[in-house]
Amino acid sequence: MRITQGMLSNNMLRNLSSSYNKMGNLMDQLNTGKKITRPSDDPVIAMKGINYRNRVTEVEQFERNTIEVNNWMDNSDAALDKATKAMQRLRELAVKASNGTNESQELESIRSEVSQLKEHLRDIAQTEVNGKYIFNGTKTDQPPNVDLENGTFTADSSSVEIEVAKGIKLKANINAEEVFGDIFQSVNDFEKALNEGSDKISESISDIDEGINKIINSRADLGARMNRLELVENRLSEQNIIATKAMSDNEDIDYEKAITELITQESIHRAALSTGSRIIQPSLVDFLR
């Protein structure tokens, strides 16, 4: 087959165009830091990238969920700690008032403090954090009902469960009914006993002790869930690192390799230009000179 000047020119132009495309792709990779800039560049990398990115997004959402659970649990534990201290103070007052040697002025002082502690316990039971009442189950938009006069406490006992990992939900709240259900009645009984005599006051001490134990038991259960949440957080942190690395390995370029390939391609391109100019240059006119 006869090789014509046009064939040589076309082949050279085609090869130069291919060389330009390769250099352009390498320049895009260096500019973006990614192996591909559009799915058509490599559909396999693109599909894997979608899956890896979805996984990273999922893990990050679970991490945000753990922050919410932590916030709920930390505030619940802090509130229960205050409630424990208030109940312990009530017990101290009950022991003091039960010895039968108090004068009327001292008893009146005790009654006043008991009244203040009862209101303090009500405030704790109606704790609001970021617009949510944490001791009213799933009805977080309204406070639990506390009737100080009758000594009653009513709250929603539903569990607030938040997904912290794939298929794993943790209870973020406590059952406030189990904690505060009888406390206000016990305080009311103590107040009445202050007016009736030391025998009745002694009976109130056991009720206050029972209330303290309920709070302690609830905090112990909450502490166990907080420990589990910490384990979940550690696991999510590891999964985030692994998923992010997998996404990076799939999409991100190796800069050293890309730069080396670009330099090599530029050298090849210059050689092709030099060689092509020598091959195409001769013509009939050149031989007739």
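Buried denotes a relative accessible area under 20%, exposed over 50% and partly exposed in between, with a 1.4 Å probe and protein chains only. Strands (E, at least two residues) and helices (H or I, at least four) are DSSP runs numbered from the N terminus.

The model is predicted: local features require pLDDT of at least 70 and side-chain atom pairs pLDDT 80 or more, while totals for chains, interfaces and linings use all residues. Residues are numbered from 1 along each chain as its sequence is written, and side-chain values use heavy atoms, with hydrogens and water left out.

Strand β6 pairs with β5 (residues 161-165) in the antiparallel sense over 4 bridges, pairing being assigned if DSSP finds at least two bridges between two strands. Leu170 of β6 is the bridge partner of Ile162. The hairpin formed by β5 and β6 has 2 residues between the strands, and Gly167 adopts a positive phi near 80 degrees.

Across the whole structure, 3 aromatic pairs are found. Rings of Phe, Tyr and Trp (its six-membered ring) pair if their centres lie within 6.5 Å; planes under 30 degrees apart count as stacked, over 60 as edge-to-face and the rest as tilted. The pair of Phe153 and Phe184 is stacked, because the ring centres are 6.2 Å apart and the planes lie at 20 degrees. This pair links distant parts of the chain, with Phe153 in strand β4 (residues 152-154) and Phe184 in helix α5, 31 residues apart. Both Phe153 and Phe184 are buried. Ring pairs join Phe135, Phe153, Phe180 and Phe184 into a cluster.

Helix α5 (residues 183-196) also contains Ser186, which counts as buried because its relative accessibility is 10%. A polar atom of the Ser186 side chain lies 3.0 Å from the backbone oxygen of Asp182.

Helix α3 (residues 104-125) has 22 residues and spans 31 Å from its first C-alpha to its last, close to the expected 32 Å, the expected span being 1.5 Å times one less than the number of residues. Its buried residues are Leu107, Ile110, Val114, Leu117, Lys118, Leu121, Ile124 and Ala125. These residues lie on the same side of α3 because they cover an arc of only 115 degrees around the axis, taken from the directions from the helix axis to the C-beta atoms.

Technical notes: Polar contact = N/O pair within 3.5 Å; in protein donor to acceptor, adjacent residues only side chain to side chain.
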